[in-house]
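Come along while I look up a few things in turn.

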Amino acid sequence: MTRVFWSVLALILLDASVHAADKIKIGYPDASATFLSLPLGQKAGFFQKEGIQADLIRIRSTVALTALVSGELDYQSVLGPAVAAAIRGVPVKIVACYTPRVATAIIALPEFKSVQDLRGKTVSINSLGGGLEGQARLWFKHFGLDAEKDVKLLATGGMESRLTAMKQGFTVATLGCPPIEFFGKKLGFVVLARAQELYSYPSSGLIVNAKRIKEQPNEIKRMIKAGIETNRYISQNREGTLRALMEWMRIDREMAVATYDGVVKTYSDDLSLPEDGLRLLIDEAKKNAKLNREISIDQVADLSILREVQREVGIK
């Protein structure tokens with residue numbers, strides 16, 4: 001009996017040591033609330049609970065996808081560019097969604113009263129080819145404008161740079177997530193619209209090299225489990241999330257409160273990927289790539305492991 005006990009213990013310790021060694025490289029584009037699930041999952045111990053040591057790497061979306069395919073990166077977190085790459089045949093797949101809606105708002109100079117008033121004007125975004133550009137195109141389409149013809153999108157960098165460009169008259173509006181609305185109002189700017197009040201638009205989640213789904217299904221399962229616990233923590237633990245926001249975004253409590261209130265409803269408790277929102281991403285990617293052929297959900301996403309995890313934790 002003693003020998004059996006020590007044999008079982010050795011196997012348990014071996015399994016734990018293997019999990020402890022799982023250092024996972026995860027790409028994210030900026031320290032915004034949209035990607036809070038990543039640092040909070042690490043800080044609150046949900047990644048560690050699943051035997052994962054997350055190495056968070058700040059990286060541009062286009063560069064991240066290249067690194068994902070080459071194996072230099074294990075996971076990427078921006079969904080829009082991943083869909084655009086997948087429909088062109090790049091072997092990447094979405095396996096889970098952190099935020100099925102976005103807290104993005106359009107902020108403009110006070111003389112503008114509607115999104116339609118931006119026709120013929122210059123609007124700033126962070127960078128070309130990233131998730132915010134895709135959102136901008138969808139915004140303008142929703143309000144009857146063509147982002148190619150009716151407005152000029154100008155890449156001016158982070159939130160502070162975009163607001164500065166507005167103050168200096170280089171642009172008349174910008175898009176962004178909280179706390180941009182908080183800062184914008186302090187500068188006298190106005191909010192023309194908020195995305196989460198209009199439609200589903202998946203923005204952050206887990207994207208992998210397609211071969212990883214077959215090679216590392218258990219790892220992906222553990223990443224999803226950690227994400228579900230993290231997102232539930234966000235919706236249920238306001239104070240803990242506020243502290244995480246303050247540290248992640250380097251903001252004070254007042255801004256953290258404004259940010260939390262603006263984004264809390266965008267997080268998914270079960271990491272489901274809404275089909276209507278994904279279709280929006282696919283349609284926009286097809287238009288930009290000038291593709292006419294039909295693109296199925298399976299070409300850009302594989303939710304088999306997500307559904308398995310959801311069944312295991314009693315969600316579906």
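**Entry 1: the cavity.** Before counting, I noted what I mean by a cavity: a set of grid points where a 1.4 Å probe fits but cannot get out. Rolling a probe the size of a water molecule over the atoms shows where empty space is left. I kept in mind that this is a predicted model. How many cavities of 30 Å³ or more does the structure hold? I found one. The largest cavity has about 50 Å³ of space in it.

Next I looked up which residues line the largest cavity, and I wrote down Ala-33, Thr-34, Thr-99, Arg-101, Val-102, Ala-103, Cys-177, Ser-203, Val-263, Thr-266 and Tyr-267. Sorted by class, this lining has six nonpolar residues, four polar ones and one charged one.

Entry 2: Five of them form an open sheet with mixed pairing, and I read their order as 2-1-3-10-4. Which strands stand at the edges? They are strand 2 (52-58) and strand 4 (92-99); each has a single partner strand, so one side of each is left without a neighbour in the sheet. From one strand to the next, I noted an average twist of 30 degrees.

I also followed one pair in detail. Strand 1, residues 22-28, pairs with strand 2 in the parallel sense, over seven bridges. In this pair, Lys-23 stands opposite Gln-53 of strand 2.

**Entry 3: helices on the sheet.** Helix 4, residues 61-70, lies across strand 3 (75-78), strand 4 and strand 10 (204-209), and runs at about 155 degrees to strand 3. Helix 5, residues 79-86, lies across strand 3, strand 4 and strand 10 as well, and I noted an angle of about 160 degrees to strand 4.

**Entry 4: backbone details.** Pro-178 and Pro-179 are joined by a cis peptide bond, with omega at about 15 degrees. I placed Pro-179 in the loop between strand 8 (173-176) and helix 8 (180-186).

Arg-250 is not a glycine, yet its phi is positive, near 55 degrees. I found Arg-250 in the loop between helix 11 (238-249) and helix 12 (253-263). Leu-271 also has a positive phi, about 65 degrees, although it is not a glycine. Leu-271 sits in the loop between helix 12 and helix 13 (275-289).

Is Arg-250 buried or exposed? Its relative accessible area is 77%, so I marked Arg-250 as exposed. For Leu-271 the relative accessible area is 0%, so I marked Leu-271 as buried.

Terms used
Residues numbered from 1 in each chain as written. Predicted model: local features only at pLDDT ≥ 70, side-chain atom pairs only at ≥ 80, totals over all residues. Heavy atoms only, no water. Pairing = 2+ DSSP bridges. Helix = DSSP H or I, 4+ residues; strand = E, 2+ residues; numbered from the N terminus. Axes fitted to C-alpha atoms, helices over the stretch in contact; angles between N-to-C directions. Contact = heavy atoms within 4.5 Å. 1 Å grid on protein atoms, 1.4 Å probe; cavity = no way out; pocket = protein on both sides within 12 Å on 5 of 7 lines; lining within 4 Å. Points joined across faces, edges and corners; volume = space filled by probe spheres on them. Nonpolar A, V, L, I, M, F, W, Y, C, P; charged D, E, K, R; others polar. Buried < 20%, exposed > 50% of the residue type's maximum accessible area, 1.4 Å probe, protein only.
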